[in-house]
Amino acid sequence: MLTTFAPVAASQKHPILRIARAILLIVLAVLLLPYLLAPLYRGGHPVSALMAWRWLSGSPVTRQWIDFSAISPSLPRSVVAAEDARFCSHHGIDWGALREVIDDAEDGEVTRGGSTITQQVAKNLFLWPGRSLVRKALEFPLALWIDMVLPKQRILEIYLNIAELGPAGQFGAEAGSQYAFGRPASTLSPREAALLAAILPNPHQRSARNPGPGVRRLAGTYMARAQAAELQRCWRENRAFSGHIGGF
C-alpha cells in the first residue's frame, strides 16, 4: 500500500514546484525591469508610477513636458538647493546626509528626509510612495544604477517633469508653474522658483499659489542657498549643466 501512494505524493509536489518557480520568475522579472528601462530613459518623456496610477483610476493628471534647456535656470537650482545640495557630487546616494538622518533618529530627534533627487526619481518612476524599509531597500541600488546610466542633467530633467507640484494632479514644472502663477516654467522668477521648490515635500498641504508664512520662509532660505558659492561652483564645473547657467 505504501508503494502505491508514493508516486501520487511525488506527482503532487511537481505542480507546487512549478507554481513556486513561476512566482519566483515573475518576482525577478518585476525587480529587474527598472534596471532594463532606466538606460532607455536617456530619451523620451517618462511618466511616474503615481501618474500612471492616477490615469488608471480616472483621477486628473496634468503634465506638459518641458526640456531642461527651456526651464528657467532658477528652478533647477532652487530644487537642488532645497532637495539635494550635494546632487552634483554624489553618485545617487548622499551617504553623509544619510548618516545625519540616522544619527538624528538615534537621538530621538525628528528627522528630515535624506533622499537624494536620484532616489526620488527611482521612487517616482518605478516604486511607490510612503515610508517603507522594503521600498528603501529597492530604492538604494536602483538610485546607484540610475546615476550610472543617466547623466546628471537628464536625472534632474526627469525629476522636474514628474514631481508632483500641485494639489489636483499637476505634475512637472510646467503644470506646477501654470497652476501656481499662470505662467510657463521658462519665465519663472527666482522667487517663484523657490516657492515651487518649497512645496515639493507635499503639494497637498503646501501651496505656491497661496503660500503661508512657512512656505515663504522656506522659499527665502532656498533662494539664498541657490546663490551659495558651492552650488555656483558645482553648476560651473559640471559639464552636464553647461549652457544653463543663467542668473538669479
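What pattern does the protein follow, read along the sequence? The pattern is α-α-α-α-α-α-α-α-α-α-α, with 11 helices and 0 strands in the protein. Helices (H or I, at least four residues) and strands (E, at least two) are DSSP runs, numbered from the N terminus. This is a predicted model, in which local features need pLDDT of at least 70 and side-chain atom pairs count only at pLDDT 80 or more, while totals for chains, interfaces and linings use all residues. Residues are numbered from 1 along each chain as its sequence is written, and side-chain values use heavy atoms, with hydrogens and water left out.

**Overall burial and contacts**

- Of the 248 residues of the protein, 41% count as buried; buried means under 20% relative accessible area, exposed over 50%, and partly exposed in between (1.4 Å probe, protein chains only).
- Contact means heavy atoms within 4.5 Å. Among contacts between residues at least 6 apart in sequence, 67% join residues at least 24 apart.

**Aromatic pairs**

- The structure holds 3 aromatic pairs. Rings of Phe, Tyr and Trp (its six-membered ring) pair if their centres lie within 6.5 Å; planes under 30 degrees apart count as stacked, over 60 as edge-to-face and the rest as tilted.
- One of the pairs is formed by tyrosine 41 and phenylalanine 126, and it is stacked because the ring centres are 5.9 Å apart and the planes are at 10°.
- Tyrosine 41 lies in the loop between α1 (2–37) and α2 (49–57) and phenylalanine 126 in helix α5 (residues 117–126), so this pair ties together parts that are 85 residues apart in sequence.
- Both tyrosine 41 and phenylalanine 126 are buried.
- Tryptophan 95 and phenylalanine 140 have ring centres 6.2 Å apart and planes at 70°, so their pair is edge-to-face.
- Tryptophan 95 belongs to helix α4 (residues 95–106) and phenylalanine 140 to helix α6 (residues 133–149), so the pair ties together parts that are 45 residues apart in sequence.
- Tryptophan 95 is partly exposed, with a relative accessible area of 46%.

**Charges over rings**

- A charge sits over a ring if NZ of Lys or CZ of Arg is within 6 Å of the ring centre and within 35 degrees of the ring normal.
- Lysine 152 lies over the face of phenylalanine 87, at 4.7 Å from the ring centre.
- Arginine 209 lies over the face of tyrosine 179, at 4.4 Å from the ring centre.

**Helix α5**

- α5 is mostly covered, with 9 of its 10 residues buried.
- Among the buried residues of α5 are Ile117, Val121, Leu125 and Phe126, and also Thr118, Gln119, Gln120 and Asn124.

- 7 of the 10 residues of α8 are buried, so α8 is largely enclosed by the rest of the structure.
- The buried residues of α8 are Gly172, Ala173, Glu174, Ala175, Gly176, Ser177 and Ala180.
- The cover over these residues includes α3 (74–83), α7 (152–162) and α9.
- The axes of helix α8 (residues 172–181) and helix α9 (residues 190–199) come within 11 Å and cross at roughly 110°. That makes α8 roughly perpendicular to α9.
- Axes are lines fitted to C-alpha atoms, for helices over the stretch in contact, and angles run from 0 to 180 degrees between N-to-C directions. Angles under 35 degrees count as roughly parallel, over 145 as roughly antiparallel, 65 to 115 as roughly perpendicular and the rest as oblique.
- Gly176, Ser177, Ala180 and Phe181 in α8 meet Glu192, Leu195 and Leu196 in α9.
- The residues of this contact divide into 4 nonpolar, 2 polar and 1 charged. Ala, Val, Leu, Ile, Met, Phe, Trp, Tyr, Cys and Pro count as nonpolar, Asp, Glu, Lys and Arg as charged, and the others, Gly among them, as polar.
- Glycine 182 follows α8, and its phi is positive, near 70°.

**Individual residues**

- Arginine 191 lies in helix α9 and is partly exposed, with a relative accessible area of 33%.
- Leaving aside neighbours within four places in sequence, arginine 191 is in contact with Arg216, Ala219, Gly220 and Met223.
- Arginine 191 and methionine 223 are 32 residues apart in sequence and 7.0 Å apart in space, C-alpha to C-alpha.
- Histidine 90 lies in the loop between α3 and α4 and is buried, with a relative accessible area of 6%.
- Leaving aside neighbours within four places in sequence, histidine 90 is in contact with Asp84, Thr116, Thr118, Asp147 and Lys152.
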